[in-house]
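This report describes one protein, first as a whole and then in parts. Please look at the sequence and the model before reading on.

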Amino acid sequence: MDWLELAKDALPVLIKGTGLTLFFAVISMVLGLALGFVVALLRVARVPLLSQLVAFYVSAMRGTPLLVQIFVIYYGLPSVGIEFEPVTAGVLALTLNVAAYLSESLRGAIAGVDRGQWDAALSLGLSWWQGMRYVVAPQALRLAVPSLANSLISLIKDTSLVSVITVSELMMSTKDLIAQTFQPLPLYLMAAAIYWVLSAVFEQVQRRVEIKLQRAYQR
């Protein structure tokens, strides 16, 4: 089969799979960022018991493969009466995994804010939480942008792992096409090219956000 003809026939299927890949990446990133911020705050604030629990969670998520986490959630939990649909299980696994990494990025960014900012907030009569919300967190977010963007780009590639639980994202769609056409090389190359394009687009978005935040900070 001619590669151009193959690409013409395969592209609609791959684009559909790409849409699901983006869905997984974006929704998991948004949820992971929210969870990661809470985890980072609990660790920075050193809340008794909770800080130890979230530290264990971060260690477990970062210390085990994402593929194993997906298997545990989708295939393991039903044995104890907890069952998820493939899409839900995929989003949950990706969210829990990326949140652990994002929490460390945010914690490092918070630590990177000058101690004088904390002192200034306290001198204005702000509580610890108010100082974090209005003074420290906005500055920490600016510092964390490169790391957060890198996590999103990695997450886009990690979505390929949810194909093991029969979710028809980009990689699963590619495998289905290969099973029909017996043309693995061109189809895998097309999938790789799509992942590359997605990563490049988000890299450009990252640079623009960094420039915009830097200009705002310098005013």
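## Overall build

Read along the sequence, the pattern is α-α-α-α-α-α-α-α. The protein has eight helices and zero strands, where helices (H or I, at least four residues) and strands (E, at least two) are DSSP runs numbered from the N terminus. This is a predicted model, in which local features need pLDDT of at least 70 and side-chain atom pairs count only at pLDDT 80 or more, while totals for chains, interfaces and linings use all residues. Residues are numbered from 1 along each chain as its sequence is written, and side-chain values use heavy atoms, with hydrogens and water left out.

The C-alpha atoms fill a box of roughly 70 × 50 × 20 Å, taken along the principal axes. Among contacts (heavy atoms within 4.5 Å) between residues at least 6 apart in sequence, 75% join residues at least 24 apart.

## Surface and burial

Of the 219 residues, 39% count as buried. Buried means under 20% relative accessible area, exposed over 50%, and partly exposed in between (1.4 Å probe, protein chains only). The accessible surface, from the Shrake-Rupley method with a 1.4 Å probe, comes to about 12400 Å², and 65% of this belongs to carbon and sulfur atoms.

## Two loop residues

Glycine 125 lies in the loop between α5 (115-123) and α6 (128-158). Its relative accessibility is 61%, so glycine 125 counts as exposed. The C-alpha atom of glycine 125 is separated by 27 Å from that of alanine 144, with the two residues 19 apart along the chain.

Serine 160 is placed in the loop between α6 and α7. Serine 160 counts as buried because its relative accessibility is 18%. Leaving aside neighbours within four places in sequence, serine 160 is in contact with Glu169, Met171 and Tyr195.

## Helix α7

Helix α7 covers residues 170-181, and its 12 residues should span 16 Å at 1.5 Å a residue. The expected span is 1.5 Å times one less than the number of residues. The end C-alpha atoms of α7 are 16 Å apart, which agrees.

At the start of α7, a side-chain oxygen of glutamate 169 reaches to within 2.9 Å of the backbone nitrogen of methionine 171. The buried residues of α7 are Leu170, Met171, Met172, Ser173, Thr174, Leu177 and Ile178. After α7 comes phenylalanine 182, whose phi is positive, near 55 degrees.

How values were computed:
Polar contact = N/O pair within 3.5 Å; in protein donor to acceptor, adjacent residues only side chain to side chain.
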